[in-house]
Amino acid sequence: MDFVMKQALGGATKDMGKMLGGEEEKDPDAQKKEEERQEALRQQEEERKAKHTRMEAEREKVRQTIRDKYGLKKKEEKEAEEKAAMEQACEGSLTRPKKAIPAGCGDDDEEDDESILDTVLKFLPGPLQDMFKK
């Protein structure tokens with residue numbers, strides 16, 4: 001009976017040591033298995049990247065056929081053309097190009113012809129208009 005008790009306690013203390021942070025038995029093939037696992041992960045990642053590259057190439061072919069069909073340009077091409085046009089317009093200028101001012105905005109000579117008093121007189125009744133004009 002003592003032998004059985006020692007076996008039971010010996011096993012218990014061994015497990016307790018592991019739980020308390022003691023050294024565990026090392027698997028001699030653990031490092032080899034870990035290297036194989038890491039290699040498998042690297043290989044899967046490379047396959048995934050290759051798959052996405054192929055898919056993106058196929059998408060780009062479809063996009064290009066649509067561009068050709070409807071006469072569209074890529075964003076990069078549009079931006080390059082706009083930039084070239086801006087540089088050509090700015091050639092010889094030291095400041096940034098002026099933005100176009102729509103008609104009716106800003107300073108116009110037509111507004112100077114009519115004074116504020118004339119504008120107010122338009123809205124007054126007839127007899128008062130005559131009084132102010134004299």
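1. Buried residues make up 2% of the 134 residues in the protein chain. Buried means under 20% relative accessible area, exposed means over 50%, and partly exposed lies in between (1.4 Å probe, protein chains only). The chain exposes about 13,300 Å², and carbon and sulfur atoms supply 55% of that area. Accessible areas come from the Shrake-Rupley method with a 1.4 Å probe; for residues, only the protein chains shown count as cover.

2. A word on the model. It is predicted: local features need pLDDT of at least 70, side-chain atom pairs count only at pLDDT 80 or more, and totals for chains, interfaces and linings use all residues. Residues are numbered from 1 along each chain as its sequence is written, and side-chain values use heavy atoms, with hydrogens and water left out.

3. Now the fold elements. The protein chain has 6 helices and 0 strands. From the N terminus on, the order is α-α-α-α-α-α. Helices (H or I, at least four residues) and strands (E, at least two) are DSSP runs, numbered from the N terminus.

4. Helix 2 covers residues 30-70. Just after helix 2, Gly 71 takes a positive phi of about 70°.

5. Next, the salt bridges. The structure holds 9 of them. A salt bridge is a side-chain nitrogen of Lys or Arg within 4 Å of a carboxyl oxygen of Asp or Glu. Glu 39 and Arg 42 form one, at 2.9 Å from N to O. Both residues lie in helix 2, 3 residues apart, about one turn of the helix. Glu 39 is partly exposed, at 42% relative accessible area. Arg 42 is partly exposed too, at 45%.

6. Arg 48 and Glu 45 form another salt bridge, and their closest N and O atoms are 2.6 Å apart. About one helical turn separates Arg 48 and Glu 45, because they are 3 residues apart in helix 2. An α-helix has 3.6 residues a turn, so residues three or four places apart point the same way. Arg 48 is partly exposed, with a relative accessible area of 40%. Glu 45 is partly exposed at 33%.

7. Some salt bridges join into a network. Glu 56, Arg 59, Glu 60, Arg 63, Arg 67 and Lys 74 are linked in this way. One link runs between Glu 56 and Arg 63, at 3.0 Å from N to O. Glu 56 is partly exposed, at 35% relative accessibility. Arg 63 counts as partly exposed at 32%.

8. Which residues form a nonpolar patch on the surface? Val 62, Ile 66, Tyr 70 and Leu 72 do, with about 410 Å² of accessible area together. Patches are made of residues with over 30% relative accessible area and no salt bridge; like charges are joined within 9 Å, and nonpolar side chains (Val, Leu, Ile, Met, Phe, Trp, Tyr) within 5 Å. Ile 66 is found in helix 2. Ile 66 counts as partly exposed because its relative accessibility is 40%.

9. Glu 76, Glu 77, Glu 79 and Glu 82 form a negative surface patch. Lys and Arg count as positive and Asp and Glu as negative; His and the chain ends are not counted. The place of a charge is taken as NZ of Lys, CZ of Arg, CG of Asp or CD of Glu. Glu 82 lies in helix 3, residues 75-90. Glu 82 is exposed, with a relative accessible area of 53%.
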